[in-house]
Amino acid sequence: MADKTKRTETTRMIKFVLFSISAGVIEFVSFTLLNELTHLPYWPCYLTGLVLSVLWNFTLNRRFTFKSTTNVPVAMMKVFCYYLVFTPVTTIMGNYLCETLGWNEYLVTILNMILNLVTEYLFQRYFVYRHSVDTRAGEDNTQS
């Protein structure tokens with residue numbers, strides 16, 4: 001039984017990473033378009049890309065990674081609370097690194113995306129969907 005649980009969790013992490021990569025592509029492309037085609041500072045380019053990727057990632061991971069039937073507004077509110085902390089910290093720090101210290105915008109964005117991948121998985125798995133993982137009917141619902 002422990003092997004099956006371990007496989008289930010490993011599969012869940014792989015799905016999360018793959019969906020996060022797709023969200024990362026959305027974030028990176030929208031960031032790049034705004035960064036290259038406008039004269040906006042770092043923060044509005046980053047923030048726009050982040051919001052678009054969050055909407056995409058939340059939808060896919062709720063349905064396919066965590067297979068959750070939890071109340072969508074409640075789950076969204078919990079994820080919103082995560083981003084109430086993550087977004088200002090990474091936006092302000094990213095803007096400081098780029099505009100004040102002269103770091104490369106793309107390096108800072110990639111570092112933020114990696115930080116987001118790790119912390120958001122832990123937050124969603126162990127807080128947002130902790131009690132509702134694998135509750136969708138008609139799926140391979142191995143409880144973990």
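Modeller: Here is the fold in brief, then the packing, then a few single residues.

This is a predicted model, where local features need pLDDT of at least 70, side-chain atom pairs count only at pLDDT 80 or more, and totals for chains, interfaces and linings use all residues. Residues are numbered from 1 along each chain as its sequence is written, and side-chain values use heavy atoms, with hydrogens and water left out.

Start with the whole chain. It has four helices and zero strands. Helices (H or I, at least four residues) and strands (E, at least two) are DSSP runs, numbered from the N terminus. The order from the N terminus is α-α-α-α. Along the principal axes, the C-alpha atoms fill a box of roughly 55 × 30 × 25 Å. Of the 144 residues, 40% count as buried. Buried means under 20% relative accessible area, exposed over 50%, and partly exposed in between (1.4 Å probe, protein chains only). A contact means heavy atoms within 4.5 Å. Among contacts with a separation of 6 or more, 77% join residues 24 or more positions apart.

Now the part you asked about. Helix H4 covers 105-128. Take its packing with H3 to begin. Their axes come within 11 Å and cross at roughly 160 degrees. Axes are lines fitted to C-alpha atoms, for helices over the stretch in contact, and angles run from 0 to 180 degrees between N-to-C directions. H3 and H4 are therefore roughly antiparallel. The cut-offs are under 35 degrees for roughly parallel, over 145 for roughly antiparallel, 65 to 115 for roughly perpendicular, and oblique for the rest. H3 passes H4 in a right-handed crossing. A crossing is right-handed if the near helix is turned clockwise from the far one by less than a right angle, and left-handed if anticlockwise. Residues in this contact include Tyr82, Phe86, Thr90 and Cys98 of H3, and Asn112, Leu115 and Phe123 of H4. The contact residues divide into 12 nonpolar, six polar and three charged. Here Ala, Val, Leu, Ile, Met, Phe, Trp, Tyr, Cys and Pro count as nonpolar, Asp, Glu, Lys and Arg as charged, and the others, Gly among them, as polar.

H2 packs on H4 too. The angle is about 30 degrees, and the axes are 12 Å apart. That makes H2 roughly parallel to H4. This crossing is also right-handed. H2 gives Tyr42, Tyr46, Asn57 and Asn61 to the contact, while H4 gives residues including Glu105, Asn112 and Gln124.

Look at Asn112 in H4. Asn112 is buried, at 8% relative accessible area. Leaving out residues up to four places away in sequence, Asn112 touches Tyr42, Tyr46, Phe86 and Thr90.

Cys98 also belongs to the H3 contact with H4. Cys98 is buried, at 9%. The closest cysteine sulfur is in Cys45, 10.0 Å away, so the two are too far apart for a bond. A disulfide is a pair of cysteine sulfur atoms within 2.5 Å. By that rule the count is zero.

Last, look past the end of H4. Asp134 lies in the segment after this helix. Its phi is near 60 degrees, a positive value in a residue other than glycine. Asp134 is buried, at 3%.
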